[in-house]
Amino acid sequence: QVSEIFESRLLLTFVGIDFGGGSVPTNWTSYSGSANASFPDLKDEDNNNSGISAVITRDTSPGGAVSFTPQAVTLPQHTQSLAGVDRIYQDQSGNIELNWGNLTPGGVYEMYVFGGNEVAGNPRVTITGSSVITFGQAYQADKLFVNDQIGDSSRTLSSYAKLMTADASGHIVVRVDTGNGVLYFGTAGMAIRAVVPTNQAPVITSDLGGPTAAITVAENQT
């Protein structure tokens, strides 16, 4: 008999929120964009409770959901098809924020912000945890942007990841706005996945008389 000891499943959890309603990637949470929203315990892609929370806040003059169908060649490879990221939350001269909560304080997370629109744009994205990352999304019409790059069906989603460390309270805030001087921004979704710390690698122990072996298990990459 072999027993396995793993670190918290939270360290392998991928959580996605689809903006704009319509189709949704499997086991992602749908956000229609019609009001502020709070999600206390999001499901992960395996349909398990992740323990991760999210609060989505619109500005005082909010926008709403509009059509967006990204070209298939701009959808990166992922465990769940990203074809469901097919509508957006669009706003004019405004912003939207997503506050990821119940994260491990000081934990490192992969961050994904999906942008696009039926017209070209270049909104600003700011990710704030223990530090700050800011970048533009200079997307073309009907093409999905992942963080600061155009999507490519020959690449995996994880190759686009931006890494951010959660703050001391276990939060990371993502803000999208028209700070680059554009008239509109379009947000198709956001996602987060914890990075497995190398100093918390799983171990396998055997009661068959053999030695105890420490192993490193690769993250469930796309």
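Visitor: Does W28 count as buried or exposed?
Guide: This is a predicted model, in which local features need pLDDT of at least 70 and side-chain atom pairs count only at pLDDT 80 or more, while totals for chains, interfaces and linings use all residues. Residues are numbered from 1 along each chain as its sequence is written, and side-chain values use heavy atoms, with hydrogens and water left out. Buried is under 20% relative accessible area, exposed over 50%, and partly exposed in between (1.4 Å probe, protein chains only). W28 has 6% relative accessibility, so W28 counts as buried.

Visitor: How many aromatic pairs are there?
Guide: Rings of Phe, Tyr and Trp (its six-membered ring) pair if their centres lie within 6.5 Å; planes under 30 degrees apart are stacked, over 60 edge-to-face, and the rest tilted. By this rule the count is five.

Visitor: Why is the pair of F14 and W28 tilted?
Guide: The ring centres of F14 and W28 are 6.1 Å apart. The pair is tilted because its planes stand at 35°.

Visitor: Which residue in strand β9 pairs with F14?
Guide: Strands (E, at least two residues) and helices (H or I, at least four) are DSSP runs numbered from the N terminus. F14 is buried, at 4% relative accessible area. A tilted aromatic pair joins F14 to Y112, with 5.8 Å between centres and 40° between planes. F14 lies in strand β2, and 98 residues away in strand β9 is its partner, Y112.

Visitor: Over the face of which residue does K162 lie?
Guide: A charge sits over a ring if NZ of Lys or CZ of Arg is within 6 Å of the ring centre and within 35 degrees of the ring normal. K162 is the bridge partner of M111. At 5.4 Å from the ring centre, K162 lies over the face of F135.

Visitor: What pLDDT does the protein average?
Guide: pLDDT is the predictor's confidence in each residue, from 0 to 100. Of the residues, 83% score at least 70. The protein average is 85.

Definitions and conventions: Pairing = 2+ DSSP bridges.
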